[in-house]
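Biologist: Hello! Could you walk me through this structure, starting with a pair of side chains?

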Amino acid sequence: MNAPDSDAPALTAEAQLKDIVQNLYNLIVQSYDHHGSKTQEAMKREVQSLIQNLVKLSRTAPSVYIDIPPEVTNYVENSRNPDIFTREFVETVQRMNQMLKGRTDALQTLQEQIAWQLSNVIPEMKDDIEKAIQSTGGKMPA
């Protein structure tokens with residue numbers, strides 16, 4: 001988890017990005033609802049403000065550290081939605097967990113069968129077999 005001090009540059013960059021988005025929105029509105037020279041002057045001021053905000057962001061950005069996996073970066077660079085990457089990753093993890101659960105259950109069943117057969121074939125070792133099974137977290141079949 002990040003320390004509060006390391007979050008400050010990220011919060012500053014976030015606020016600067018919001019300002020940039022607001023500048024762009026204002027420019028869109030002004031260009032849509034253009035009323036001559038007054039709008040043109042307002043657009044010039046808005047462009048100057050946008051440039052100032054971009055400069056501020058470019059100065060803040062190097063101090064911001066966000067750990068983004070390279071796979072996600074590649075996904076975005078290939079014009080794909082990172083949410084899809086996340087969904088696919090979660091689905092893959094779920095499949096792997098199900099597969100490992102199946103393997104675990106199969107090994108536990110195998111352990112129980114071996115213990116049952118060994119204790120029937122060599123009854124004098126039944127106590128030792130029970131201790132071995134219990135020490136590995138298994139249970140003796142009835």
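Biologist: Which kind of link do the side chains of Lys18 and Glu14 form, and what is its N to O distance?

Modeller: A salt bridge needs a side-chain nitrogen of Lys or Arg within 4 Å of a carboxyl oxygen of Asp or Glu. Side chains of opposite charge can pair when their charged atoms come close. Lys18 and Glu14 meet in a salt bridge, and the N to O distance is 3.6 Å.

Biologist: Before we go on, where does the model come from, and how are residues numbered?

Modeller: This is a predicted model, in which local features need pLDDT of at least 70 and side-chain atom pairs count only at pLDDT 80 or more, while totals for chains, interfaces and linings use all residues. Side-chain values use heavy atoms, with hydrogens and water left out, and residues are numbered along each chain as its sequence is written, from 1.

Biologist: Which helix holds both Lys18 and Glu14?

Modeller: Helices are DSSP runs of H or I with at least four residues, strands are runs of E with at least two, and both are numbered from the N terminus. Lys18 and Glu14 are four residues apart, about one turn of the helix. Both lie in residues 4–32, which is helix α1.

Biologist: Is Lys18 buried or exposed?

Modeller: Buried means under 20% relative accessible area, exposed over 50%, and partly exposed in between (1.4 Å probe, protein chains only). Lys18 has a relative accessible area of 54%, so Lys18 is exposed.

Biologist: Which residue forms a salt bridge with Asp105?

Modeller: Asp105 is partly exposed, with 32% relative accessibility. The closest N and O atoms are 3.1 Å apart, and the partner is Lys101.

Biologist: How many salt bridges are there in the whole structure?

Modeller: Another one joins Glu41 and Lys44 at 3.7 Å, N to O. These two residues are three apart in helix α2 (residues 37–60). A search of the whole structure gives a total of four.

Biologist: What radius of gyration does the protein chain have?

Modeller: The chain has five helices and zero strands, and its C-alpha trace spans about 100 × 35 × 20 Å along the principal axes. The radius is taken over C-alpha atoms, and the globule rule is 2.2 Å times the number of residues to the power 0.38. A compact globule of 142 residues would have a value near 14 Å, but the protein chain has 31 Å.
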